[in-house]
Amino acid sequence: MPKPVRGPRLGGSAAHQKHIIRNLAKELIRHGRIQTTLKKAKTLQPEVERMVTWAKDGSLPARRRAISALNDVALVGHLFSEIGPKHADRKGGYTRVVKVGPRKGDNAMMALIEFTDAVEPFQREDEATAAAETATSSSGRVWGRRKKADGAAEPEAAEVKDDASDAAAEAESTEEA
C-alpha cells in the first residue's frame, strides 16, 4: 500500500486527488495507455496494479471493491474479463511508466503509463452503435459517398461530374432552341 503523502497534493485537497486518480484509472483501463505528468503516473501506478490484482482474483467481493473504486460497472466488466486474464501469469508489474519529456507550455515532465501486455481499448456497446450510426445516416449515405441502387458505395465526386455534364448538356440544348 502506498505511503500517504504529506504536503501539496495533486489537486489541492485529498478528495480532489482521489477524484483525479479515479478518473486517470478509468481512462487507463479504457484506453490501455495514457499520457499524463510523471507525478500523476507514479501516483496512479499502485492504484491500478491493485485493481488488476482484484481482477485476477475474480471473486464477487473483489468485483465489488473495483466497482466502488471506479464507479463504472461496464468498465469493471472490461477489467475483469479482458485485463485480468491477460495478466494471470504475472505476479506484479502490470503497468509501466515511460518518461516522454517536458511539456511545451509549463515544462512539466510528462510520462506514458500503459499496461505491460497489450490490452484492447474498451468501447461500450452503446458507443459502438452510436459510432456506427454516425458513419451511416438515416438516408443510407456513408460519409462522403452515396449508395448505388445495388447497395455498393460510389464516390460523390463522380456524381458531381455527372451533374456538371448534365447541366452542360441542358445549356447546349437551350442554346440550340
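In which strand is the place of Val98? Val98 belongs to strand β2, residues 95–102. Strands here are DSSP runs of E with at least two residues, and helices are runs of H or I with at least four, both numbered from the N terminus. The model is predicted: local features need pLDDT of at least 70, side-chain atom pairs count only at pLDDT 80 or more, and totals for chains, interfaces and linings use all residues. Residues are numbered from 1 along each chain as its sequence is written, and side-chain values use heavy atoms, with hydrogens and water left out.

The protein contains six helices and five strands. Along the sequence they follow the pattern α-β-α-α-α-β-β-α-β-β-α. Of its 177 residues, 28% are buried. Buried means under 20% relative accessible area, exposed means over 50%, and partly exposed lies in between (1.4 Å probe, protein chains only). The protein exposes about 11700 Å², and carbon and sulfur atoms supply 53% of that area. Accessible areas come from the Shrake-Rupley method with a 1.4 Å probe; for residues, only the protein chains shown count as cover. Among contacts with a separation of 6 or more, 54% join residues 24 or more positions apart. A contact requires heavy atoms within 4.5 Å.

The largest nonpolar core has 29 residues. Such a core is a set of buried Ala, Val, Leu, Ile, Met, Phe, Trp, Tyr and Cys residues joined through side-chain atoms within 4.5 Å. Ile29, Leu44, Leu79, Phe80 and Phe115 touch the most other members. Two or more residues come from each of α1, α2, α3, α4 and β3. Helix α2 gives the most, with eight residues.

Helix α2 has 20 residues. At 1.5 Å a residue it should span 28 Å, and its end C-alpha atoms are 29 Å apart, which agrees. The expected span is 1.5 Å times one less than the number of residues. A kink of about 30° lies at Leu44, shortly before Pro46. The bend at a residue is the angle between axes fitted to the seven residues ending there and the seven starting there. Buried positions in α2 include Leu38, Ala41, Leu44, Val48 and Trp54. Their cover includes α1, β1 (33–37), α3, α4, β2 and β3. Just after α2, Gly58 takes a positive phi of about 75°.

Helix α4 covers residues 73–86. Its 14 residues should span 20 Å, and the end C-alpha atoms are 20 Å apart, in agreement. A kink of about 30° is centred on Leu79. At the start of α4, a side-chain oxygen of Asp72 comes within 3.4 Å of the backbone nitrogen of Ala74. The buried residues of α4 are Leu75, Val76, His78, Leu79, Phe80, Ile83 and Gly84. Cover for them includes α1 (14–31), α2 (38–57), α3 (60–70) and β3 (109–115). Beyond its neighbours within four places in sequence, Phe80 contacts Trp54, Ala55, Gly58, Ser59, Ala62, Arg63, Ala66 and Pro85.

Ile21 lies in helix α1. Its relative accessible area is 9%, so Ile21 counts as buried. Its C-alpha is 7.6 Å from that of Thr43, 22 residues apart in sequence. Neighbours within four places aside, Ile21 contacts Leu10, Lys40, Thr43, Leu44 and Glu47.

Ile113, in β3, is buried because its relative accessible area is 0%. The C-alpha atoms of Ile113 and Leu38 are 8.9 Å apart, and the two residues are separated by 75 residues in sequence. Residues up to four places away not counted, Ile113 touches Leu28, Gly32, Arg33, Ile34, Ala41, Leu44, Gln45, Thr95, Arg96 and Val97. Val98 is partly exposed, because its relative accessibility is 36%. With the neighbours up to four places away left out, Val98 touches Ala111 and Leu112.

Two loop asparagines have positive phi. Asn71 lies between α3 and α4, with phi near 60°. Asn107 lies in the loop between β2 and β3, with phi of about 65°. At 55% relative accessible area, Asn107 is exposed.

Methods. A polar contact is a pair of N or O atoms within 3.5 Å; within protein, one must be able to donate a hydrogen and the other to accept it, and residues adjacent in sequence count only if both atoms are side-chain atoms.
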